[in-house]
Amino acid sequence: MEMRIGGRETVSPDERWIDVLNPATGEVIDRVPAGTADDLASAVEAAAEAGTGWKKRSMRDRGMIFFHAAAKVREQHKALGQLLTMEQGKPLREAIDEVRGFANILEFYAGISAQVGGEAVRLGTAGDCMVIREPLGVCGAIIPWNMPVLIMGWKVGPALLAGNTMVLKPASSTPLTSLRLAQVLDEAGLPPGVLNVVTGSGEEVGEALVTHPQIKKVSFTGNGLTGARVRELAAPGNKELILELGGSDPMIVMDDADIGKAVEGAVRGRFYNAGQTCTAVKRLIVHEKIAPAFTRLLKERVSALNVGNGLGPKTDMGPLVSAAQRDRIAGVVETVREQDDGKIVTGGCILRGKAYENGFFYHPTLVTDVAPTSSLVNEEIFGPVLPVMTVANPDAAIAAANATPFGLGASVWTKDLATTKKVFDEVHAGIVWVNRHLTVPPEIPFGGTGESGSSRENGHHAVDQYSRTKTLFLGW
Ligand code: NAD
């Protein structure tokens, strides 16, 4: 597939390409241009040109294009889901969910289009004010490979609705569905240049995007190290940033929890998308009274997960996105083994054999008796490995939950209101789920604290992130 700049498919003049692999088979399924700083500059130019007309359109007009695009996405959900599975590896069911999630986001922003334009303020004899929200101009978006469709929606939806235009850079391993969705938006009536997708490396295209003087705001989702680089690059231009970084979400299971539901929550929370989700359950904190029964059930469920090609009808978990990602996970588990940092109850190895040949599969893994110093509970583990810790009471659970520099999401599984309130008040996180984990519908703001970042995406609040107020003061 080719980049989309100014509503057209584009190839760099020097014709350099990046292969896109299917992580389930290791086969090359397509290629995209290895874009350059010049391509990025052309995309900014196209976006700036399109911005003049786009910002004059009414919110309603912009919203109607989103409605049309969402309908097309729904019509094509199967093909889009298959494409996502083939480039990213996740089971088709999850990929289709994500594609539908993109449509939900567009519909949500289309639906609020009449409510986010501004407000009137009456000041009595002093006068009246009209406070409007105006767009920022050309915005940049950099997205990761783990949820490329959903995260594209979180950025494109509010930014375009607010009247900005955008240049988006997908991750090099998963550019295909983003390119296809940009095409669908164009087909739905988005004027050429309002959304441009430039493929290429982070070092070349990503850095050119962050430092381009005409890009007013950069929304970046990715890991903390890259986020720090983005922050450093953006500082001289005083550029506005949205940084959505990693997480190490705790799931706290108290002794009054419904064990069956909590086990299902933990399995989905950790092994959905092969554990490669920012708000995955990355640390399981279980009350000691129920820990033996809970762990036994959990082990049964984790051992029974069906791992395979995401296109297979019975697949519960697909491969990791790349060989590098799989090897990183294998390395972390090897260290646990070597340093006796925990007890590997099931899994703990790369999956080999005919069904897994050339794919990047790792065994769903459960580790108990985890040492508090282990990287399993102190770093973000972005793969299918679930560490379990036990605690004696809610205070100990909260202390364990807060023992990392991250603060993205957290969940507590209990029937007790007082425990719920205590966890909500005291755990560092942008969202606290009760008897649930992972779900982030478009209506609610999403983002973290600490090393998980400090911005918010999603919900009507996100429109504020991509616009600023301007006030007309009428002194009668
Ligand atoms: P990454 O930081 O390696 O890459 C993210 C994007 O940044 C890619 O498009 C990449 O090409 C680009 N990039 C790389 N180097 C760059 C540079 N020097 N300048 C500009 N751009 C550059 O992240 P990843 O490994 O693809 O994604 C996984 C991480 O993302 C995890 O830490 C996960 O928790 C996090 N994440 C966070 C959220 C959230 O909303 N908080 C959501 C999803 C993923």
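Let's start with the overall layout: the centres of domain 1 and domain 2, taken over C-alpha atoms, are separated by 31 Å. Keep in mind as you look around that this is a predicted model. The chain is divided so that domain 1 is made of two stretches, 3-246 + 450-474, while domain 2 covers 250-434. Where the two domains meet, 28 residues from domain 1 and 28 residues from domain 2 take part in the contact. Between them, domain 1 and domain 2 bury about 2200 Å², and 60% of that area is on carbon and sulfur atoms.

Now turn to the ligand. Its shell is built from both parts of the chain, with at least three residues drawn from each of domain 1 and domain 2. In total, 28 residues surround the ligand, and the closest are Ile143, Glu207, Thr226, Leu245 and Glu380. Sorted by class, this shell has 14 nonpolar, 9 polar and 5 charged residues.

Asparagine 223 contributes through its backbone, where a polar atom is 3.0 Å from an oxygen atom of the ligand. As for cover, the ligand on its own has 860 Å² of accessible area, and the protein covers 91% of it.

Which elements give two or more residues to the shell around the ligand? They are the helices α5 (148-161), α7 (202-211) and α8 (224-234), together with the strand β10 (215-221). Of the shell, the largest share comes from α7, which supplies 3 residues.

Conventions. Residues numbered from 1 in each chain as written. Predicted model: local features only at pLDDT ≥ 70, side-chain atom pairs only at ≥ 80, totals over all residues. Heavy atoms only, no water. Near = heavy atom within 4 Å. Polar contact = N/O pair within 3.5 Å; in protein donor to acceptor, adjacent residues only side chain to side chain. Areas by Shrake-Rupley, 256 points an atom, 1.4 Å probe, with all protein chains shown as cover. Helix = DSSP H or I, 4+ residues; strand = E, 2+ residues; numbered from the N terminus. Nonpolar A, V, L, I, M, F, W, Y, C, P; charged D, E, K, R; others polar. Domains from an automatic or database assignment. Contact = heavy atoms within 4.5 Å. Buried area = accessible area lost by both parts, 1.4 Å probe.
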